[in-house]
Amino acid sequence: MRLFQWGARLVCVAAGTVAVGVAVNQILNGGVWNIPWLVASLIAAGAAEALNVWLGRVDQLSDPSRTLPPPDPARRRIERSPYPKDERSASLPTPRQLPRLVHHFTDRTTEVTVLEGLRRDSSDLVLISGLPGVGKTALAIHWTHSVSEHFPDGQLYANLHGYDAQPPLSAKEVLDGFLRALDVPAQRIPTDLDALAAMYRSCVHGRRLLILLDNASSAEQIRPLLPSSAGCMTLVTSRSRLRDLVAQDGAELMVLAPLPEAEALSLFRGVAGIGGALGRTPPEDDGSLVLLVRHCGYLPLTIRMAAEHVSEHGGGVPLGEIAAELAEEGRRLDVFDGDSYTGEGGSVTRRVFSWSYQSLNPNAARMFRLISLNAGTDISLAAAAAITGVGVPEARRQLAVLTGSNMLEETAAQRFQFHDLIGTYARELVEQEETVEERHAASRRLLSFYLNTADNADRVLAPQRRHVLAEPSPPPALTFTDSREALAWCESERLNLMQAIDQAVRLGFDDIAWKLPIALIYFFVLHGYRANRYEASILAAEAAHRIGDRYGEAWCQTCVGGAAQALGRPEEALERYQVALGICREIGDSRGEGINIGNIAEVLIALERFDEARDYTVQSLRILREHDDTRSESIQLTLLAYLSHRLGLLDEAYEQYEAALRAAEGVDLQAEGDALHGLGQVCAAQGECAAAIGWYRRSLEVRRRIDDQPGLARTLADLGTALAGNGEVPAACEALNESLALYEALGHSSADAVRQELHRLSE
């Protein structure tokens with residue numbers, strides 16, 4: 001027994017010592033995982049980025065008031081599962097992303113039959129092409145809902161916005177969203193298009209998924225989104241026939257024609273509510289109705305709007321009068337050139353739209369015009385209220401008017417979107433009826449709403465950071481009670497927020513253009529949007545430079561550095577930090593100077609320049625203590641303790657971890673968990689297994705409160721090793737198995753070491 005205990009102590013000492021050696025290797029090979037193995041030997045991804053309390057380079061460090069959502073026990077990970085492929089498929093999430101069904105859908109019996117035949121023939125790529133307004137999306141949504149049971153692994157959907165005024169959605173953005181829907185951890189999602197596409201193909205391989213890609217403008221937009229699995233089917237809609245997709249990728253082409261006359265008449269009657277139970281119009285109106293739908297080009301979009309016009313007037317406008325009005329030659333909508341708008345349907349499009357527009361009350365008409373200034377893919381109720389400068393109840397009333405007249409679509413609860421043709425019409429009207437000053441004022445109201453709400457979210461997520469606004473913003477900005485609400489808003493608005501940053505740059509609102517990205521940094525880090533983080537930070541730095549805001553420019557340069565480091569570019573990160581440090585010294589911001597010195601120390605460790613890193617860490621700590629910045633002080637002390645541990649100065653490392661713990665308690669939960677873990681590592685290195693186990697368990701308690709998965713994986717692994725060294729093998733296996741599951745989910749190379757340890761214990 002004594003021999004076993006003596007051997008166990010040696011195992012514990014070796015485990016603590018080896019962990020330090022492994023740290024350097026992890027720094028070099030882990031990319032954005034540099035800090036997990038850097039602080040207390042192996043800490044969660046990019047932890048030292050939280051040094052940037054002021055500069056926004058926050059990663060996953062959290063304080064008690066910034067608690068992240070608890071882990072969802074139903075949430076499954078899909079990466080590197082130990083189960084056979086068939087069992088793995090059964091455990092994967094099932095996305096259900098199809099939009100809601102369209103009201104008054106006309107059967108399109110022939111087309112539905114063709115689509116069903118293609119499905120039965122195992123066609124994996126089908127393209128529905130046709131004129132704008134011909135009903136491509138309505139048919140695609142109707143059919144995909146009807147066959148969804150044949151694709152038990154789920155349905156994915158993306159509106160590619162191929163013909164909007166704003167740039168179309170990129171394949172990278174779509175793939176990122178699809179991978180998240182398939183439950184790929186954010187840390188594992190790459191930023192390179194080829195890597196994204198490869199991961200997507202791997203995730204859907206062997207599954208039966210239905211993918212609807214709506215409003216595509218080119219084959220290049222589609223190709224990276226095509227699965228390689230034979231069980232999947234991709235349905236694409238486009239105004240273009242995408243000949244390359246047909247010729248090179250084997251897409252089955254269906255050209256959707258305008259409605260047959262009988263179906264056009266049925267649609268008109270259904271929307272207009274005329275004809276009684278038998279669906280017939282009075283005999284004297286039959287001929288007029290035929291002329292009316294003919295003048296609408298038999299297009300569902302214009303037929304619906306003309307029918308809505310009739311419905312709003314309660315049948316008081318004779319159909320013959322409406323048909324005669326449409327028969328007059330109307331000027332084409334100029335922006336439709338190149339869309340193959342030929343014949344009578346094209347010549348009356350503006351007139352049909354104008355009927356609906358002219359029937360709006362003045363407030364709804366103003367809402368219609370102004371929300372077209374939104375650069376995003378859709379607009380929320382709160383954002384619509386902000387852009388028009390009215391309260392939410394009034395905005396809700398006017399949006400109901402617009403949706404009721406088919407001028408706007410409600411795509412989800414309190415989220416609205418134009419049909420692309422109607423959006424074009426709205427933008428034409430806002431140019432004609434609103435002055436430049438009024439348009440700029442409305443756009444600034446919307447962008448300010450996004451900035452103010454993002455800042456409010458950031459205050460919940462990272463309350464001890466410096467923030468881009470002096471005070472929290474009152475309504476119309478949204479407020480949040482907890483991090484779950486704040487993150488949910490950021491996620492739902494992410495694409496709109498990225499477009500808003502671009503719009504602020506285009507309009508010359510550079511104060512918003514630099515502050516909005518910085519307010520979003522912590523969200524980007526938490527949800528793993530590394531590409532968005534880098535792009536937004538670059539735009540922010542350029543905007544701050546344009547207006548000569550040196551304080552803002554320093555902040556933004558550091559955010560670029562943090563984003564570069566997350567992308568595995570330490571040299572660029574070092575350069576950006578040095579620029580920010582120079583500006584801080586120039587403007588006399590000593591706190592910013594201290595934080596940037598700490599950032600540089602972090603990169604130097606990643607570059608294995610340890611002596612320099614220690615000097616920089618000591619400098620940073622001295623400056624930050626002058627500002628009573630206990631959160632940053634705790635992080636720097638943890639970093640310094642890691643360096644002491646690496647040099648074999650265990651007593652000194654222990655004291656520094658203790659000081660880091662005192663500074664973190666009640667201030668930052670992640671920093672507290674890191675310090676506790678570090679104390680466990682020092683005890684393990686000194687052969688004090690029982691003490692190490694106690695520190696690790698305390699660290700686990702803290703890490704579970706914030707769902708710090710990388711930190712949990714590391715602490716569980718070290719706890720398992722310490723338990724094994726203490727002779728508690730069953731408990732050790734339990735901890736190691738949980739660690740292994742987390743590492744596999746995160747795609748971390750440490751899974752191999754944990755697997756080997758489990759194998760050793762089983763022998």
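**Close-up views of a predicted model**

**View A. Helices H26 and H27 are roughly antiparallel to each other.** The structure shown is a predicted model. The axes of H26 (residues 590–606) and H27 (residues 610–626) cross at roughly 160°. Angles over 145 degrees count as roughly antiparallel, hence the title. The two axes come within 8 Å, and the crossing is left-handed. H26 brings Ser590, Arg591, Glu593, Gly594, Ile595, Ile597, Gly598, Ile600, Ala601, Leu604 and Ile605 to the contact. H27 answers with Phe610, Glu612, Ala613, Tyr616, Thr617, Gln619, Ser620, Ile623 and Leu624. Sorted by class, the contact holds eleven nonpolar, six polar and three charged residues.

**View B. Helices H22 and H23 cross at roughly 150°.** H22 spans residues 510–526, and H23 spans residues 530–546. Their axes come within 8 Å. The angle makes H22 roughly antiparallel to H23. This crossing of H22 and H23 is left-handed. From H22, the contact takes in Asp510, Ala513, Trp514, Pro517, Ile518, Ile521, Phe524 and Val525. From H23 come Asn532, Arg533, Ala536, Ser537, Leu539, Ala540, Ala543, Ala544 and Arg546. Twelve residues of the H22–H23 contact are nonpolar, two are polar and three are charged.

**View C. Five strands build an open sheet with parallel pairing.** The strand order is S2-S3-S4-S1-S5. S2 (155–159) and S5 (252–256) are the edge strands, and each pairs on one side only. On average, neighbouring strands of this sheet are turned by 15° against each other, direction ignored. Inside the sheet, S3 (residues 210–214) and S4 (residues 233–238) run parallel and are joined by four bridges. Leu213 has Val236 in S4 as its bridge partner. Helix H5 (residues 171–181) lies across S2 and S3. H5 runs at about 155° to S2.

**View D. Three strands form an open sheet with antiparallel pairing.** Which strand order does this sheet have? The order is S6-S8-S7. At the edges are S6 (379–380) and S7 (409–412), each pairing on one side only. S6 and S8 (residues 415–417) run antiparallel, joined by two bridges. Ser380 stands opposite Arg415 in S8. Strands of a sheet pair through backbone hydrogen bonds, either parallel or antiparallel.

Technical notes: Residues numbered from 1 in each chain as written. Predicted model: local features only at pLDDT ≥ 70, side-chain atom pairs only at ≥ 80, totals over all residues. Heavy atoms only, no water. Axes fitted to C-alpha atoms, helices over the stretch in contact; angles between N-to-C directions. Parallel < 35°, antiparallel > 145°, perpendicular 65-115°, else oblique. Left-handed = near helix turned anticlockwise from the far one by under 90°. Contact = heavy atoms within 4.5 Å. Nonpolar A, V, L, I, M, F, W, Y, C, P; charged D, E, K, R; others polar. Pairing = 2+ DSSP bridges.
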